[in-house]
Amino acid sequence: MNQVIHAETLVARTARELAQLSMDAEAGAFIGAEDELLVRLGVSRPTFRQAAKIAENDCLISVRRGIKGGFYASRPDAQDAIRTLARYLRLNGTTLSDIMVVSRLVSEEAGARACACADAALWAQLEDFVSRIDASDTPAALIKSESELVSLISEMSGNPAIQLVMAIGFSFGMEEQRIALYRNEDHRSIARGLQRQLCQAILERDAEIARVMMRRRSATMLDWISEAQAEAG
């Protein structure tokens with residue numbers, strides 16, 4: 001038993017050391033060949049390969065074969081992290097309703113902060129979005145529209161933590177196969193109306209109304225999710 005624990009600890013430690021080597025280097029930089037790293041880290045080949053697999057899965061190193069083969073510094077992509085977190089939540093029994101309950105407070109803050117955005121290009125994107133709201137007349141188009149709006153408001157908030165939470169929530173929702181949102185034409189009409197009112201509040205820089213509209217959107221979505229779950233039995 002102690003040998004197993006020791007082996008697992010050594011693999012984990014080696015994976016951390018590999019990750020640190022990557023973080024200390026520029027993205028894409030050569031870290032070393034396998035034989036070099038075996039000596040540098042002082043571990044056996046099986047231990048090293050297990051550790052390298054962990055670091056590779058975490059997108060902290062990349063492996064290249066052939067000429068100039070070896071291990072290179074890598075960086076995790078934001079979308080990789082978001083998908084991993086969404087998958088973790090799902091595996092631990094989290095429901096879309098759970099996500100909505102938690103993320104609605106963050107979304108309210110995002111709406112309020114967006115009103116203070118100083119980026120002219122983002123304001124122009126929001127105005128362009130408003131001009132296209134009525135074109136989202138199918139479930140697929142509305143889902144795409146919601147994704148664009150959530151991403152835009154998150155960016156306008158200027159807070160990376162808000163961007164991450166809202167992106168995780170949306171990613172989780174898009175992976176939810178048991179709940180079919182926006183199939184109802186009335187729901188699509190309501191959703192477009194809520195989009196328009198929210199955007200108008202932000203364009204007018206009215207933080208309080210933006211919070212109210214974000215709260216109303218979350219409450220409406222929770223009601224639709226409950227209805228869909230009830231219909232699905």
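Student: Leaving aside its neighbours within four places in sequence, which residues is Arg-216 in contact with?
Tutor: In this predicted model, and with the neighbours within four places in sequence left aside, Arg-216 is in contact with Leu-194 and Gln-197.

Student: Where is the place of Arg-216, and is Arg-216 buried or partly exposed?
Tutor: Arg-216 has its place in helix 10, which covers residues 207-232, and with a relative accessible area of 40% Arg-216 is partly exposed.

Student: New topic, helices: at what angle do helix 6 and helix 7 pack?
Tutor: Helix 6, residues 120-131, and helix 7, residues 139-157, pack at an angle of about 155 degrees, and their axes are 10 Å apart. Angles over 145 degrees count as roughly antiparallel, and therefore helix 6 and helix 7 are roughly antiparallel to each other.

Student: Which residues make that contact between helix 6 and helix 7?
Tutor: On the side of helix 6 the contact is made by Leu-122, Trp-123, Gln-125, Leu-126 and Phe-129, and on the side of helix 7 by Ser-145, Glu-148, Leu-149, Leu-152, Glu-155 and Met-156. Sorted by class, the contact of helix 6 with helix 7 has 7 nonpolar, 2 polar and 2 charged residues.

Student: Is the crossing of helix 6 and helix 7 left-handed or right-handed?
Tutor: The crossing of helix 6 and helix 7 is left-handed.

Student: What about helix 2 and helix 3, at what angle do they pack?
Tutor: Helix 2, residues 34-41, and helix 3, residues 45-57, pack at an angle of about 105 degrees, with their axes 10 Å apart. Helix 2 and helix 3 are therefore roughly perpendicular to each other, since angles from 65 to 115 degrees count that way.

Student: Which residues make the contact there?
Tutor: Helix 2 contributes Glu-34, Asp-35, Leu-37, Leu-38 and Leu-41, and helix 3 contributes Arg-45, Phe-48 and Arg-49. By class, the residues of the contact of helix 2 with helix 3 divide into 4 nonpolar, no polar and 4 charged.

Student: Switching to cysteines, how many disulfides are there?
Tutor: The count comes to 0 disulfides, where a disulfide needs a pair of cysteine sulfur atoms within 2.5 Å. As for Cys-115, the closest cysteine sulfur to its own is in Cys-117, at 9.9 Å, and that is too far for a bond.

Student: Is Cys-115 buried or exposed?
Tutor: Cys-115 has a relative accessibility of 5%, so Cys-115 counts as buried, whereas Cys-59, at 22% relative accessibility, counts as partly exposed.

Student: Where is Cys-59 found, and what is its phi?
Tutor: Cys-59 is found in the loop between helix 3 and strand 2, which spans 61-64, and Cys-59 has a positive phi of about 60 degrees although Cys-59 is not a glycine.

Student: What about Arg-205, what is its phi near?
Tutor: The phi of Arg-205 is near 55 degrees, which is a positive value in a residue other than glycine. Arg-205 has its place in the loop between helix 9, 185-203, and helix 10, and Arg-205 is partly exposed, with a relative accessible area of 48%.

Key: Residues numbered from 1 in each chain as written. Predicted model: local features only at pLDDT ≥ 70, side-chain atom pairs only at ≥ 80, totals over all residues. Heavy atoms only, no water. Axes fitted to C-alpha atoms, helices over the stretch in contact; angles between N-to-C directions. Helix = DSSP H or I, 4+ residues; strand = E, 2+ residues; numbered from the N terminus. Parallel < 35°, antiparallel > 145°, perpendicular 65-115°, else oblique. Left-handed = near helix turned anticlockwise from the far one by under 90°. Contact = heavy atoms within 4.5 Å. Nonpolar A, V, L, I, M, F, W, Y, C, P; charged D, E, K, R; others polar. Buried < 20%, exposed > 50% of the residue type's maximum accessible area, 1.4 Å probe, protein only.
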